Amino acid sequence: MAGLFWLIPLVPGVSAFALLLFGRRLSRRWIAWQASGAVFLSFVLTAGAFAHLGAAGAAGLSRTLLTWIVSGMFRASISFTFDELTAVMALVVTGVGFLIHVYSTAYMAEDRSYSRYFAFLNLFMFFMLVLVMASDIVLMFVGWEGVGLCSYLLIGFWFERPAAAKAGMKAFIVNRIGDAAFIIGILFLLANVGSSSLAAINAAPASGLLGPGLVTLVAILLFVGATGKSAQVPLYVWLPDAMEGPTPVSALIHAATMVTAGVYMVCRLNGLFAASVTASTVVAWVGAITAVFAATMALVQNDIKRVLAYSTISQIGYMFIGCGVGAYAAGMFHLVTHAFFKSLLFLAAGSVIHALGGIQDMRQMGGLRKRLPVTFPVFLVGALAISGIPFLSGFFSKDAILTSAFAGGHYVLYGLGLAGAVMTAFYMFRLIYMTFYGEEKATLTPGHAVHESPRAMTVPLVILAVFSALAGLLGLPVLFGRRADVFGRFLEGVLGPAAHHLAHSTEAALILAATISALAGLGLAFLFYRRSPGIPARLAHRFPGTYRLLLGKYYVDEVYDAAVVRPLLGGAGWVYEHFDLKVIDGTLNGSAAAAGLAGKGLNILQSGLVRDYALAFLMGAILFLGFLLL
Amino acid sequence: MIPPAAFLVLAALLFILGIVAFFVKKDLLTQFMAVEVMLNAGNLAFLALAKALGKADGQMVVLFVITVAAAEAVIGLAIIVLIFRQRKSIRTDDLKDLKG
Amino acid sequence: MALVIFVILSVLCAGAVVAMIVSRNQAHSALFLVLAFSSLGGIFGLLDAPFAAAVQVLVYAGAIMVLFLFAIMMFNLRQPAPPERKRLRAVLGTGLALILFAQLLLAGRRALAGGSPPGAAASGGDIAHLGRLLFSDYLYAFEITSLLILAALVGALALAGKREGE
């Protein structure tokens, strides 16, 4: 069974292909079962491979399917590997992916393009699994690009809406900028390491193939690619707009999987990042700045999905903080817990939107606590988890990161992380209070009653809630003994042992600090939105500039538009006018005209008169004879 | 003894006279006659060289040329007759249907 | 002696051709051509090719030109063609022809440069020898040519023969 692990990406791939070709002719029931079944099968295979790894001292699995590129001395092959790190990612991707597929069968039940949706969703699973299972950086990049493509396709799923189409393009183009850096990084690697296998790349700094300057350069270039894919500063601008896509897409792609690909990449190539202090510092600081920056924007957003989007950007920042300080396992742990509670939050938000018949503005919500008996509790669990309330999963994973930062002496990073935690709790409970408490403000279309979602949607929610609550137990802090960190120890072979060693008392203090900040955020939200609901309005009145700045997302989009987009479009327009039209079209039309002229010219010879032809004969004879005589 | 070169000069002269005749005349019939002149010039050349090089093959060729010229004249004249029947004119300049 | 005859005949021939060019009347042109071909036949005789000479007079001057005369009479053309305003083509043709003349002379000189092997005259006019050649080396050509004559005959009839009821 474990030997079949290489089928894990292929099963959804084949399903996607079949759906793309024949989807229109299949019944919705069939499509739902096929798409979800394919992912489930992948999950089973993943579990099997994972079990194999779990067996005593089993080595990682690997298999080369075929040699793909042979060019000079450079060889790239399509080969998959399955070690502990891949196992974690694959389990998350297939597991959460499966739940989201099931959820989608109900959420998208009335959509016109059912087959297209599931085809793209399966296709995304294929590419994501290729990404995490690739043992060759070129193949990983194929997966990297592929998920970007599927993201574009799914964000712009309702492409007849101009906003959705534009959001899709924005996502793809911004990603592309990151990918350009990634490719340059790959090229440097190929040139110096001579091989594209990830193992060789990880070993390169130690073996001396990559000098320290190069290591830093390559690591930073790859990380720029990660900022695009994982929506960090400065390339995060596409993620909030990506909320134009269907909510399950936001849950899967823009919360649990694709956006975490950057984190996975950094962890996978920890050989490079660990070898360069500069690069790791950059990673950590970008993560920290992003975490705080995005959190501030989430404080004032009114669209429920946008809040979650900025929250995702912020949380991924935390993961990069973890990677940046060398605690790769902590970063991965937060990735896993975040996958659970963020997808839970998105799906639950989808449930709310579905119940309200499409309303996404929280100012029009309220009092849904009684109406949505399943959605509300699971939403609450998710919010508690992300806020870092003790004993839920987010508490442990966030704590692992912040502790590592502190232990490494990065006190500023720790401070930023703590500030972010306060804000996280605040905006999440602001969301909860605005949506579920207070008076019902929703004006619904007539005939549409607020109802709980169907089972296909609520069951995955519950499952995710359970995981969000309990997953923390996998990575208990050292306080409880080293053996309690099951997660960290599992990944030790790939990511190296946990670096920090703190006194128990220090650690306890840190845990306390984290708890206090979470509760502080929660308390503030309670104050602002339950106790004295007038406070937010008064604050906005007192500090209008700040409020507008936050609401306008620091006007980053506008700056980008003016500084980058418009000049590019202008330049492209100029080139079009002066080069494309005049030179290229001119050349083409010109050569056609020339051919015509030549034809007309030659036409003179065709006079129809015998004597002219005879003259031609004569000339030919003279020339021929002359040639012979010479 | 007549130098063989003399015959060749005569042959060349007759040949180009035939060419000039072709360009000067404007009706099909006389142009056709000019072609016959050119053929004869060729025959003369063949015979001259046959004698000069001592081979009898030149005479054979002449025989065949004359035969084929006869056949050609027959067919050519038949065609000219047809053209005359159709167009009522054998002026070459009038026959320019192939003008492209 | 032979030289004198040659000169006379060649002048006659060339002169007749020139006259043919100059003449405006097609019938006159044809008759001049008869003269030209006949003198050419004489020249053939001078070249030790009696057979060719005989065939020339019989077939060319006798049959082909007669055919031409028949055709001329059939057309019954009275007025000669009016002179062309532009004589460009004729001038050009003449010029090119002169160039060709030069080239032909050059080619002829080269052809003769190999020198004449001895025993040239001997094999010349032997008709029996010709006959043997015809039926051995040139048998294939001989047969094909006969077919060709037949084809020409049939073709001419098919093309220009009288139709039923015409």
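# Briefing: a predicted model with chains A, B and C

Where chain A meets chain B, the contact takes nine residues from chain A and ten residues from chain B. Helix α26 of chain A, residues 610–629, gives the largest share of the chain A side, with four residues. That side of chain A divides into four nonpolar residues, four polar and one charged. The model is predicted. Its scores are ipTM 0.88 and pTM 0.70.

**Where chain B meets chain C**

- In this contact, 59 residues of chain B touch 70 residues of chain C.
- Three helices of chain B each supply at least two residues to the chain B side: α1 (4–24), α2 (28–53) and α3 (57–87).
- The most comes from α3(B), which gives 21 residues.
- By residue type, the side of chain B that touches chain C holds 49 nonpolar residues, five polar and five charged.

**Chain A as a whole**

- Chain A has 26 helices and two strands.
- Its C-alpha atoms fill a box of roughly 110 × 65 × 50 Å along the principal axes.
- Of the 630 residues in chain A, 52% are buried.
- Take the contacts in chain A between residues at least 6 apart in sequence: 80% of them join residues at least 24 apart.

**The two strands of chain A**

- Strand β1(A) covers residues 61–71, and strand β2(A) covers residues 74–82.
- The two strands run antiparallel, and nine bridges join them.

**Helix α3 of chain A**

- Helix α3(A) spans residues 84–107, which makes 24 residues.
- From first C-alpha to last, α3(A) reaches 34 Å. That is close to the 34 Å expected at 1.5 Å a residue.
- Of the 24 residues of α3(A), 23 are buried, so this helix is largely enclosed by the rest of the structure.

**A:Val378 and its contacts**

- A:Val378 lies in helix α16 of chain A, residues 375–387.
- Why does A:Val378 count as buried? A:Val378 has 26 C-beta neighbours inside 10 Å, and the cut-off for a buried residue is 20 or more.
- Beyond its neighbours within four places in sequence, A:Val378 is in contact with A:Leu344, A:Ala348, A:Leu461, A:Val462 and A:Ala465.
- One of these contacts, A:Leu461, is 83 residues from A:Val378 in sequence. In space the two are 6.6 Å apart, C-alpha to C-alpha.

**The loop between α8 and α9 of chain A**

- This loop runs between α8 (212–229) and α9 (238–241), and A:Pro234 is found in it.
- The peptide bond from A:Val233 to A:Pro234 is cis, with omega near 0°.
- A:Ala231 lies in the loop between α8 and α9 too.
- A:Ala231 is not a glycine, yet its phi is positive, at about 55°.
- A:Ala231 counts as buried because 31 C-beta neighbours lie inside 10 Å.

**Chain C as a whole**

- Chain C has six helices and zero strands. From the N terminus on, its elements run α-α-α-α-α-α.
- Of its 166 residues, 26% count as buried.
- Among contacts in chain C with a separation of 6 or more, 54% are between residues 24 or more positions apart.
- The domain assignment of chain C gives domain 1 (1–75) and domain 2 (132–159). The centres of these two domains of chain C are 24 Å apart, taken over C-alpha atoms.
- The average pLDDT of chain C is 83, and 84% of its residues score at least 70.
- Where pLDDT is low, the predicted coordinates should not be read in detail.

**C:Asp48**

- Where is C:Asp48 placed? C:Asp48 sits in the loop between α2 (26–46) and α3 (50–75) of chain C.
- Phi of C:Asp48 is near 60°, a positive value in a residue other than glycine.
- C:Asp48 has 19 C-beta neighbours inside 10 Å, so this residue counts as partly exposed.

Methods
Residues numbered from 1 in each chain as written. Chains lettered and ligands numbered in written order. Predicted model: local features only at pLDDT ≥ 70, side-chain atom pairs only at ≥ 80, totals over all residues. Buried ≥ 20, exposed ≤ 12 C-beta atoms within 10 Å, placed from the backbone. Contact = placed C-beta atoms within 7 Å. Nonpolar A, V, L, I, M, F, W, Y, C, P; charged D, E, K, R; others polar. Expected span 1.5 Å × (residues − 1). Pairing = 2+ DSSP bridges. Domains from an automatic or database assignment. pLDDT = per-residue confidence, 0-100.
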